[in-house]
Each structure stands twice: as structure tokens, then as C-alpha cells.
Amino acid sequence: MAIKDRIENNIRTLRFMAEEMTQMDLAEKVKVSRQTIVAIEKSKYSPSLELAFKIAKVFEKPLEEVFQFIPGDSKKK
Amino acid sequence: MEEKMSIQEKQLIISIVGTLISYGVFYFYAFKWYQPDGFSIRDDMKFWAEGLLWLIPIQIGFKIVPFIVFHIIHHIVTKEKADHMDDEYGKKIESKGNRNFYYVFQAGFYGAMIAILLDQSIMVIFNIFILFGFLGTLFMDISQLYFYRRGIR
């Protein structure tokens with residue numbers, strides 16, 4: 001079975017390092033619901049580029065330190 | 001570990017229960033009052049058109065009012081704000097749910113057209129619309145619940 005491309009993230013770790021910021025705090029900072037942060041942390045949802053940048057800005061990190069693109073094994077024909 | 005149900009999921013469950021109750025109430029009274037003897041086609045159409053319009057206040061009573069009450073109680077109990085519920089994730093899930101509603105309703109629409117071609121009664125035609133509206137709403141909410149649980153990638 002082909003493994004799909006996916007986006008992983010370090011939000012949980014970054015929140016912990018940012019004085020244990022809660023999911024609700026982060027959600028309020030980037031103006032989304034807590035459920036959206038939960039889904040992003042669990043890689044159940046890949047955020048828009050705009051939201052990804054906003055999250056990275058909260059942690060004052062470059063985007064690629066927060067989100068990583070993991071290529072799957074799908075082959076282009 | 002089983003994760004806690006989110007406010008969006010609770011909202012959808014209220015909507016599903018509200019849909020079941022409101023359509024249940026609608027059908028209970030519709031068939032109680034439906035007396036087709038001596039009805040002309042126009043009377044039949046008027047009866048079901050009126051019934052469809054009655055569905056609006058019924059749904060307000062059984063869906064929107066409980067929804068408002070739920071939000072008030074949820075805020076008092078959890079102190080959690082229901083801000084930004086219509087963010088990009090919510091909107092994407094909602095649009096997938098709406099798409100599913102239209103798939104089901106479209107099937108009902110074609111079903112009603114086939115019923116017309118087969119010379120079925122006005123009652124049958126209207127009820128195909130109503131039934132598929134009901135099934136579509138249910139499918140929309142259940143699919144949104146599924147997407148909130150499984151996520152969208």
C-alpha cells in the first residue's frame with residue numbers, strides 16, 4: 001500500500017518549552033479553535049500556509065522547525 | 001486513551017438528536033392529519049407544502065433552541081470560550097458535510113423525478129423530498145462527526 005505524503009510537527013514540544021503553553025492559549029494567539037490545535041498536533045490536519053506561519057511566529061521559530069514535510073512512497077509517472 | 005469529546009462534536013450530537021426528534025414530530029403530525037379522501041391534487045400539494053413550512057419552526061424548536069441552551073450551559077460548566085469555531089478546520093469539515101448533504105439530496109431529487117414519471121401521487125413525491133432532506137441532514141452531521149474524529153489531511 002502506498003504511503004501518503006504527510007506533515008508532522010513539534011508543536012507539543014514547543015508548547016512545553018514555552019512555559020507549558022496550553023492548547024487553548026495557542027489557539028487564542030492564532031485565532032482558531034482548540035480543536036484545530038488538537039488536530040494539528042496529532043497530524044490529523046495539515047494547516048494552511050497562513051496558519052502554519054502564525055503558529056511558527058508564536059514560537060519565534062522558522063517554519064521548518066515547527067513543521068516537517070515527510071514524503072510518502074507515491075511515485076510520479 | 002479515549003480523548004474527550006470536543007464542543008464541536010457535542011454540538012453535532014445535539015444536531016443529530018434534534019434532527020431525529022424534529023422529523024419524528026413532523027411525520028407523527030403529518031400522517032395524523034393527512035386525510036387524502038376528497039383531496040384534489042392542489043389540496044394535496046398545499047397540505048405537504050404547508051407541512052414543509054411547518055418543519056422550519058419545528059427545527060427551530062428542537063435544534064436551534066437546544067443548541068443555544070447547550071452553549072450557555074457549556075460555558076457556565078467549563079468556562080471554555082466557544083471562540084473561532086468557524087476557523088479554517090471547522091469550515092473545511094463543514095463544507096465536506098454540506099457536500100455530502102447535496103449528494104444525498106440530489107439522489108432524492110432524481111428519485112422524485114422518477115416518481116413523477118411513474119405517475120406516483122403528490123404524497124409520494126413530496127415525501128421523497130422530505131425523506132431525503134432528512135437523510136441528507138443526518139448524513140451531513142454524521143460525516144462531520146466522523147471528520148472531527150478522524151481528521152482531514
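**Interface of chains A and B**

I began with the area buried between chain A and chain B: about 1,500 Å², with 46% from carbon and sulfur atoms. Buried area here is the accessible area (1.4 Å probe) that two parts lose on being put together, summed over both. Gln35(A), Lys44(A) and Tyr45(A) supply 43% of what chain A buries against chain B, more than any other three residues.

A note on the model: it is predicted, so local features need pLDDT of at least 70 and side-chain atom pairs count only at pLDDT 80 or more, while totals for chains, interfaces and linings use all residues. Residues are numbered from 1 along each chain as its sequence is written, chains are lettered from A and ligands numbered from 1 in the order written, and side-chain values use heavy atoms, without hydrogens and water.

I then listed the contacts (heavy atoms within 4.5 Å). 17 residues of chain A are in contact with 18 residues of chain B.

For polar contacts, the rule finds eight residue pairs across the interface, both residues at pLDDT 80 or more. A polar contact is a pair of N or O atoms within 3.5 Å; within protein, one must be able to donate a hydrogen and the other to accept it, and residues adjacent in sequence count only if both atoms are side-chain atoms.

Which elements of chain A touch chain B? Helix 2 (23-30) and helix 3 of chain A each supply at least two residues to that side. Helix 3 of chain A gives the most, with four residues. By class, I read six nonpolar, six polar and five charged residues on this side of chain A. Ala, Val, Leu, Ile, Met, Phe, Trp, Tyr, Cys and Pro count as nonpolar, Asp, Glu, Lys and Arg as charged, and the others, Gly among them, as polar.

**Chain A**

I counted five helices and two strands in chain A. Helices (H or I, at least four residues) and strands (E, at least two) are DSSP runs, numbered from the N terminus. Along the sequence the pattern is β-α-α-α-α-α-β. The C-alpha trace spans about 45 × 25 × 20 Å along its principal axes. Buried residues make up 38% of the 77 residues in chain A.

I picked out Gln23(A), in helix 2 of chain A. Gln23(A) counts as buried because its relative accessibility is 19%; buried means under 20% relative accessible area, exposed over 50%, partly exposed in between (1.4 Å probe, protein chains only). Its side chain makes a polar contact of 3.2 Å with that of Glu41(A). Leaving out residues up to four places away in sequence, Gln23(A) touches Arg15(A), Arg34(A), Ile37(A), Val38(A) and Glu41(A).

I checked the length of helix 3 (residues 88-117) of chain B. Its 30 residues should span 44 Å at 1.5 Å a residue, and the end C-alpha atoms are 43 Å apart, which agrees. The expected span is 1.5 Å times one less than the number of residues. Buried residues of helix 3 of chain B include Tyr89(B), Gly97(B), Phe101(B) and Ala115(B). Among what covers the buried residues are helix 3 (34-41) of chain A and helix 4 (122-150) of chain B. Asp119(B) follows helix 3 of chain B, with a positive phi near 60°.

Helix 4 of chain B has 29 residues and reaches 41 Å from first C-alpha to last, close to the 42 Å expected. Gly151(B) follows helix 4 of chain B, with a positive phi near 90°.

I finished on Tyr146(B), in helix 4 of chain B. Is Tyr146(B) buried or partly exposed? At 45% relative accessibility, Tyr146(B) counts as partly exposed. Tyr146(B) and Gly97(B) lie 49 residues apart in sequence and 9.8 Å apart in space, C-alpha to C-alpha.
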